[in-house]
Amino acid sequence: ATPTALLVGTGRGAQMGVLIKGPEVLESTRKVDTVVLDKTGTVTTGKMTLTDVVTDEGTDRAELLRLAGAVEDSSEHPIAQAIAKGATQEVGELPTLSDFTNVEGKGVRGTVDGRTVVVGRESLLAETQMALSPAVAAAKAEAEEQGKTVVAIGWDGIARGILVVADTVKPTSAEAVAEMKALGLTPVLLTGDNEAVARQIAAEVGIDEVIAEVLPSEKVDVVSRLQREGRTVAMVGDGVNDAPALAQADLGLAMGTGTDVAIEASDITLVRGDLRSAVDAIRLSRKTLSTIK
Ligand code: ADP
Ligand code: MG
């Protein structure tokens, strides 16, 4: 490819809100056959809201919200922010947190009013022998079937209930996925969230391949594995979590609405944070390279 044509291509990209780091990026884009999509913040808006709280018999709802809100207030995670905000709206000022641990991809722990509180995946609670009651577990399964994200909460060694948060699919994601398929690309949904939620979101946008319950540190390994299987991988992500996978991918695309770390690790920035821009980028490179030949 001539440098001039590639430069023209990157210039065209900039006009469309597709910022390409260097002309050579267009060449690697052409060979892509698989597009790995991070779920939260990429396919979905990542703006979660607290929609439901289910407590165990004997647990006070306001008490649960005060403790959950206090711990989550110290976490940057979209789930945490939704819980802290929802809790504040319902119970007012949150108690002070005296100790805080973030368990990557699993949840949070903290001490509030002398209580050791754990909020996160059911498996995180299970690490300290806390198990949800059958009634709460049933409510959890039902919410997950509806594609909602459910986190469990327990304190002082006893599981107490669940908090349900819902994220929404971006209005343009389904169209972008359909366009990817039309271009012969295979979209894959990658998430730390559970299988049921991941399947539901995937179904909503038309993705058939789902890799769920992946720890943040393992996202990069998923990309490497797909590459070893002979696939040429583009990865689209937004979070700090996604940065190593974005760097490992043959082509890394960061949502412009995402974190700086993700943007730095990528080859292309999608200014509008719209998944259709990923399709524009791939189409642009194909067009640029075919005019050169
Ligand atoms: P994603 O890959 O979708 O961006 P993460 O890897 O960040 O998700 O998180 C995976 C899962 O870990 C979440 O779906 C949630 O169950 C749990 N989790 C992570 N952080 C928190 C938190 N601060 N509070 C509660 N649960 C959390
Ligand atoms: Mg994310």
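Residues are numbered from 1 along each chain as its sequence is written, with chains lettered from A and ligands numbered from 1 in the order in which they are written. Because the model is predicted, local features need pLDDT of at least 70 and side-chain atom pairs count only at pLDDT 80 or more, while totals for chains, interfaces and linings use all residues.

Let's start at alanine 82, which sits in helix α5, residues 78-91 (helices are DSSP runs of H or I with at least four residues, strands runs of E with at least two, numbered from the N terminus). Alanine 82 is buried because it has 23 C-beta neighbours inside 10 Å (buried takes 20 or more other C-beta atoms within 10 Å, with C-beta atoms placed from the backbone). Beyond its neighbours within four places in sequence, alanine 82 is in contact with Met48, Thr49, Leu50 and Val165 (contact puts C-beta atoms, placed from the backbone, within 7 Å).

Now look at helix α4, residues 61-72, whose axis comes within 8 Å of that of α5 and crosses it at roughly 135° (axes are lines fitted to C-alpha atoms, for helices over the stretch in contact, and angles run from 0 to 180 degrees between N-to-C directions). Residues of α4, including Leu65 and Ala68, meet residues of α5, among them Ile83 and Ala87.

Definitions and conventions: A residue is buried if 20 or more other C-beta atoms lie within 10 Å of its own, exposed if 12 or fewer, and partly exposed in between; C-beta atoms are placed from the backbone. Two residues are in contact if their C-beta atoms, placed from the backbone, lie within 7 Å.
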